[in-house]
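Dear colleague,

I am handing over a structure that you have not worked with before, and I would be glad if you kept it open while reading the notes below it.

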Amino acid sequence: MKFFLDTANVDEIRTANDWGLLDGVTTNPSLAAKEGREFRDVAAEILDIMGDRPVSLETVSTDAEGMMHEARILSSWAPNVVAKIPLLPDGLKAVQVLREEGIKTNVTLVFSTNQGLLAAKAGATYVSPFIGRLDDRAHDGMELVRELMHINDIYGYDTEVITASVRHPRHVVEAALAGADIVTVPFAVMKKLFNHPLTDVGLENFLADWETVPDKDDIFRDELVPA
Ligand code: G3P
């Protein structure tokens, strides 16, 4: 499963990128607003860090012409830009034209299987079902991911499913078990994936025990001699 970071915060992206586990970044207008900076600068820094890995930047028009115009501008910034397009009839019209032009799209604000099916049929590069927001309304958000993956299997759509609106580590487990192509996680959730109290206690014990090994100070002192 690919891991994307769901943030517009450059420091978070830099840190997660240093961990070597980052396959892409997704942003949205709310995440951009949170940064309180010029979005063009933020996007340029993110694109620079991510190299050729996909970075979703969102359009804000609600008509096809407007979305296509914005998608073309955003994707002119770098070849790895993915234009995020809301799931609207006009959005799916835009997706089809943009696909013809070679512009990658991520259809967002997807809350039903039929919406996701339409996005795949329109030829979206990615589709983003919002799991946490469905769970907030007492639905089983992950069922949407499972159904979209199943539909892709049946029909061979090449639209990759991004599990979005992730709130906690269990969502990541469930996305993996659902066979999701991608999970996009907030930085706080990504950090939690590393943690387990038994790891901390276990390491503490190992290090304390190592202190009692008689030649502990000699073992790693030597330069490595090639065999
Ligand atoms: O980027 C879209 C999505 O991940 C938003 O998440 O937490 O605002 O529902 P959230």
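The notes that follow cover a helix packing and then the aromatic pairs.

Please bear in mind that this is a predicted model, in which local features need pLDDT of at least 70 and side-chain atom pairs count only at pLDDT 80 or more, while totals for chains, interfaces and linings use all residues. Residues are numbered from 1 along each chain as its sequence is written, and side-chain values use heavy atoms, with hydrogens and water left out.

Helix α1 (residues 10–18) packs against helix α3 (residues 39–50) at an angle of about 5 degrees, their axes being 10 Å apart, and the two helices are therefore roughly parallel (angles under 35 degrees). In this contact (heavy atoms within 4.5 Å), α1 contributes Val10, Ile13, Arg14 and Asn17, and α3 contributes Val42, Glu45, Ile46, Ile49 and Met50.

Across the whole structure, a search finds six aromatic pairs, a pair being rings of Phe, Tyr or Trp (its six-membered ring) with centres within 6.5 Å. One of them joins Phe4 and Tyr126, edge-to-face (planes over 60 degrees apart), at 6.1 Å centre to centre and with 70 degrees between the planes. Phe4 lies in strand β1 (residues 2–6) and Tyr126 in strand β6 (residues 126–129), so the pair ties together parts that are 122 residues apart in sequence. Phe4 is buried (under 20% relative accessible area) at 2% relative accessibility, and Tyr126, at 6%, is buried as well. Elsewhere, Trp19, Phe187 and Phe194 form one aromatic cluster.

With kind regards

Note on methods
Axes fitted to C-alpha atoms, helices over the stretch in contact; angles between N-to-C directions. Helix = DSSP H or I, 4+ residues; strand = E, 2+ residues; numbered from the N terminus. Parallel < 35°, antiparallel > 145°, perpendicular 65-115°, else oblique. Phe/Tyr/Trp six-rings, centres within 6.5 Å; stacked < 30°, edge-to-face > 60°. Buried < 20%, exposed > 50% of the residue type's maximum accessible area, 1.4 Å probe, protein only.
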